[in-house]
Each structure stands twice: as C-alpha cells, then as structure tokens.
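We will go from the whole chain to single residues, one stop at a time.

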Amino acid sequence: MSKIIAVANQKGGVGKTTTAVNLGACLSTLGRKVLIVDIDPQGNTTSGIGISKADVEYCIYDILINDVHPKQAIVETGLPNLKMIPATIQLAGAEIELVPTISREIRLKKSLGLIRNEFDYILIDCPPSLGLLTINSLTAADSVLIPIQCEFYALEGLSQLLNTIRLVQKHLNTSLQIEGVLLTMFDARTNLGIQVIEEVKKYFQQKVYQTVIPRNVRLSEAPSHGQSIITYDPKSKGAEVYLELAKEVLTYEQAAR
Ligand code: ADP
Ligand code: MG
C-alpha cells in the first residue's frame, strides 16, 4: 500500500524542504520506493536533490496545467529508490492559472492517482502559503506532516493551517489525517527550545514525533551540494536524526495496519 504525505506549514523556513528531501532519502535507504513531489515554485527541493532546473523537460506545472502524464515528469535522483517530480519557476503562475479551471483543487490527486501504486511513499513539499497549490497537496494526501521550528513564535499561524486542514477534510478529502508534528532546528543550549517542545506537545499531544531535529550545519550545507544528508555526510547528526525519523514513520505505519 502506498502513502501520500504532504509536508505543510504556510510559514517559510521551518524545515519543510529539508524534511521532504531527507526523510524521503532516508525512507529510500531503508528500502522503500519513494517519490518526492516539489510543488513549491522556489523549487528548493528540486535543486537540493541535485536536479538542474535548466534540464527539466516537464515539471509539476505541466501536470497541473497542461495535463501531462505524471510518468513523463518523473526524474531520477542519485539514490536508487528515490525519484522526484521537479518544480521550476514556471509554477509561480499556476496559483493564478488554476483559479478558473475545472476541478482546480483535485488536479494533483487525480494525477498522483495514476502512479501512486508504483511507490511506497510519496512526499509532497508544499509552498509557504495556503493557496491552491497547498490545497491540491492536502487533497491529494493521505496525511499531513507539519514541521514546526523551535522558536518563540512556533505556534503562531498554526490555527490557520489547522483550519485549512479542517476545511479540506470537510469538503475535499474526508480521510485526510495528521501524520505527525515534527520539531525542527532545536537548539539544546537555550531554554526556549525546551519550552517550545513542551508547548507543542501540550497542543498536539501524541501526534508529536519523539524524534526532534536539532540545528545541524551539515543539514544546511547539503542542498548546495545537490545532495541529501545521507550521501553528503552519512555520519553527521543530521543524517542520524532523519534516519531515526524515517524509522519512526515506518513504526507508526506498521502499527496502523
Ligand atoms: P522551508 O521549506 O519550510 O521554507 P527549509 O527546509 O528550506 O524550510 O529550511 C530553511 C533554512 O534552514 C534552509 O536554509 C535550511 O538549509 C535550513 N535548515 C533547515 N533545517 C535545519 C536544521 N535542522 N539545521 C540547520 N539548518 C536547517
Ligand atoms: Mg521549502
């Protein structure tokens, strides 16, 4: 059975892309077939995984707007079990171009439905907004993974995200679940980080992953080398924690069956 997980939070810089790339890479090294879908016009996942945007023939834009079959847009990454659908800056127009189109909220769902059985996990890296691209992602997904940065305003804006999730559950995707809440960029040297963890756990309770992602320089360096942490520095703390997260995701998956 395949599972589609949207990595979403309308705040930028909370670790969505870092999580999509590295959780995807770690799940793939644990033997799962993984597809990462970049649906952020910035295309950070695409370049972070080493794909040159200039060489992209079809991107997620063509799937959403031009009815290109998703198979035509899938590209290889350096890792055998990891493939991706890239995004280019072309996607920036999609948010507006989708507005007058038929079935504008369910285009990604329909399209991923054509290929989902070829993968164990499909991770969608959402843009930092709650517009039609994120709505398409939440509609296509079985669950949503919410990264939260361990900072002072951690919970600010989350009610808007949760409200959007509720609206999607009500009108577009009744089976959408919260996969988990991931605390990112934790700094053990500050009391603030610990306070944020407590606050988030109070709010989301058992939905919060045991694995907390610390600040790790190697994680921030890896994308500029076009690599996931698993190939860039497999011995780093960053690689260790994302592997731990991947195992946690798999554990919940098995428990749910
Ligand atoms: P988002 O996709 O939510 O905008 P990113 O994953 O791009 O967030 O992360 C924002 C920035 O923080 C990036 O430069 C990224 O490399 C860096 N970053 C993310 N997670 C970590 C981490 N655990 N440690 C250090 N830097 C990180
Ligand atoms: Mg991003």
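One convention before the first click: two strands pair if DSSP finds at least two bridges between them. Helices (H or I, at least four residues) and strands (E, at least two) are DSSP runs, numbered from the N terminus. This is a predicted model, where local features need pLDDT of at least 70 and side-chain atom pairs count only at pLDDT 80 or more, while totals for chains, interfaces and linings use all residues. Residues are numbered from 1 along each chain as its sequence is written, and chains are lettered from A and ligands numbered from 1 in the order in which they are written.

**Stop 1: strand β2 and its partners**

Select residues 34-38, which form strand β2. Four bridges tie β2 to strand β4 (residues 82-85), and the two run parallel; look for Val-37 opposite Ile-85. With β5, β2 has five bridges, also parallel, and Asp-38 finds its bridge partner there in Asp-125. Now show side chains: Val-34, Ile-36 and Asp-38 point one way, Leu-35 and Val-37 the other. In a regular strand the side chains alternate between the two faces of the sheet. Five of the five residues of β2 are buried, so the rest of the structure largely encloses this strand. Buried here means 20 or more other C-beta atoms within 10 Å of a residue's own; 12 or fewer is exposed, anything in between is partly exposed, and C-beta atoms are placed from the backbone.

**Stop 2**

Colour the strands next. The open sheet has seven of them, in the order β3-β4-β2-β5-β1-β6-β7, with mixed pairing. At the edges stand β3 and β7 (177-184), each with a single partner strand, so one side of each has no neighbour in the sheet. Further in, strand β1 (residues 3-7) runs parallel to strand β6 (residues 143-149) and is joined to it by three bridges. Ile-5 sits opposite Ser-143 in β6.

**Stop 3: helix α7**

Select residues 132-140 for helix α7, which packs on the sheet and touches β1, β5 (121-125) and β6. Contact means C-beta atoms, placed from the backbone, within 7 Å. The direction of α7 makes about 150 degrees with that of β1. Nine of the nine residues of α7 are buried, so the helix is largely enclosed by the rest of the structure. Those buried residues also pack against α5 (94-97), α6 (107-113) and α8 (158-171).

**Stop 4: two crossing helices**

Show helix α1 (residues 16-29) with helix α12 (residues 237-256): their axes come within 8 Å and cross at roughly 70 degrees. Axes are lines fitted to C-alpha atoms, for helices over the stretch in contact, and angles run from 0 to 180 degrees between N-to-C directions. Which residues meet here? Asn-22, Leu-23, Cys-26 and Leu-27 from α1 face Tyr-242, Leu-243, Leu-245, Ala-246 and Val-249 from α12.

**Stop 5: Val-75**

Pick Val-75, in strand β3 (residues 75-76). With 16 C-beta neighbours inside 10 Å, Val-75 counts as partly exposed. Leaving out residues up to four places away in sequence, Val-75 touches Ile-51, Lys-83, Met-84 and Pro-86.

**Last stop: zoom out**

Buried residues make up 48% of the 257.

Note on methods:
Contact = placed C-beta atoms within 7 Å.
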